[in-house]
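Please read these points alongside the model. They begin with one contact between chains and then turn to a single chain as a whole.

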Amino acid sequence: MIKKYKYYLLSGIIFLGLYNYEMLLDIYRRYESKFLLNISIDELLKEKATIHNKIYIKSNILDKKTENIENQAINKLFISDQKIVGDGLEIILEDGNINDLEEKTDVLYSQKTIHDIDINMLLNDLRKNGAEFIEINGIRLSYDTYIYCAGPFLLMADKKVPAPFIIEVIGDSNILIKSLMEDSNIIKSFINRGIKVSINHKKDMVFNTFS
Amino acid sequence: MDKMVLKLCVIGGSLIGLGIFASETYKDYYFLNQSTNKLSIEIDKLKNERYALEKENEILKEKLDEVERKIYSKDQQESELNQMKEFLGINDISGTGIEVIIEKKSFLEIGENAENISEKEIVHLINLFKFSGAKAISINGIRVTHQTGVKLAGDFLWVGDNERISLVENIIFKLIGDINSLKQGINFHGEMEVGSLSNYNYTIIDYSNMLIEKSSKSLSYDFVR
């Protein structure tokens with residue numbers, strides 16, 4: 001009888017011992033989990049601080065770059081999508097008419113027609129007298145804009161431009177008009193050839209962006 | 001009798017021991033259970049904290065990416081701006097290109113009174129070079145910008161307002177652009193014989209890396225508002 005109780009007693013002790021052991025193991029695991037979570041949170045906090053720092057440094061770089069680019073006149077005048085506004089003059093050129101009394105020869109037609117070299121010579125005259133920006137029929141001329149004859153059109157910036165040619169010029173209109181009317185410049189020869197020429201001061205001209 | 005007492009003592013002792021053991025175990029159980037609950041709460045709190053931080057860092061990373069994208073875009077704009085400054089003649093420019101040397105033919109070929117090159121031919125050549133793909137042009141080292149005009153004065157040609165070249169000497173154009181395209185345009189029949197250019201020979205030299213210096217004159221935009 002006593003022997004039996006002994007076994008029960010022993011089993012109870014072992015059970016309670018094992019039960020405690022399982023609980024201790026569970027607590028150990030939880031502590032371990034807490035420890036790992038704390039490490040993970042520390043790392044995340046460090047990462048957060050690093051990202052914050054990077055954002056701060058890079059935002060400063062971005063601000064400086066933005067200010068640097070936006071403050072440069074070249075950006076406003078040549079790159080940005082902004083149109084530019086300025087004062088100057090407008091020249092309108094149109095092929096001359098041939099009277100019924102005139103003999104219709106090739107030479108006469110050629111004289112009365114505006115050719116690419118005429119426009120190029122006029123642009124040269126404008127540039128040497130201080131033209132800052134030039135637009136022809138809404139096409140703003142750039143550093144590499146060429147002008148070539150393409151039958152009844154002028155070919156410029158890969159676009160066909162028909163007459164009349166409206167040449168808008170930003171610059172000192174008084175100086176430009178005075179110098180254009182000198183004998184050495186091409187305008188006089190246009191007038192002599194019977195090409196229709198109109199020159200006017202013009203304010204608030206709006207130039208397109210480069211195409 | 002003695003054996004009986006001994007047995008009772010053993011049983012009694014065992015019962016007392018068991019009672020103490022059970023009491024201690026209960027205490028342990030209670031303590032451990034409390035610790036477990038406390039730890040569970042702490043772990044849940046930490047998990048929430050970690051989750052919130054992860055989310056916060058994700059948002060910050062997105063913000064950083066956005067700033068970096070904007071910087072990249074600004075870098076491109078800066079690069080475009082610098083390239084534009086080169087094309088406009090504000091800065092030196094280098095790249096593939098050609099040198100076109102224009103030399104007057106000998107008196108024996110063209111006679112003594114053969115006309116010199118004039119504004120008209122220079123204007124024609126500059127236009128031809130642009131049409132042929134020149135991105136930058138210089139005449140005898142003087143940069144031609146979109147504001148440069150040329151003007152003849154005796155034996156000199158003014159390039160812009162304050163620099164001139166002698167027409168008695170060779171005229172050397174430097175052009176930056178695609179070599180084949182430039183040569184095809186220049187060598188096209190008749191292009192180098194316009195006006196008094198027929199009194200001149202021309203030679204083309206290729207350069208894999210040519211430098212054209214910036215303009216000595218600043219671009220003006222006084223009448224732009």
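1. The side chains of B:E78 and A:N68 make a polar contact at 3.4 Å (a pair of N or O atoms within 3.5 Å; within protein, one must be able to donate a hydrogen and the other to accept it, and residues adjacent in sequence count only if both atoms are side-chain atoms). Leaving aside residues up to four places away in sequence, B:E78 touches A:K65, A:N68 and A:I69 (heavy atoms within 4.5 Å). B:E78 lies in helix α1 of chain B, residues 2-88.

2. This is a predicted model, in which local features need pLDDT of at least 70 and side-chain atom pairs count only at pLDDT 80 or more, while totals for chains, interfaces and linings use all residues. Residues are numbered from 1 along each chain as its sequence is written, chains are lettered from A and ligands numbered from 1 in the order in which they are written, and side-chain values use heavy atoms, without hydrogens and water.

3. Chain A has six helices and eight strands (DSSP runs, numbered from the N terminus: H or I of at least four residues, E of at least two). Its radius of gyration is 43 Å, well over the 17 Å from the globule rule for 211 residues, so chain A is more spread out than a compact globule (taken over C-alpha atoms; the rule is 2.2 Å times the number of residues to the power 0.38). The C-alpha trace of chain A spans about 155 × 35 × 25 Å along its principal axes.

4. Of the contacts in chain A between residues at least 6 apart in sequence, 74% join residues at least 24 apart.
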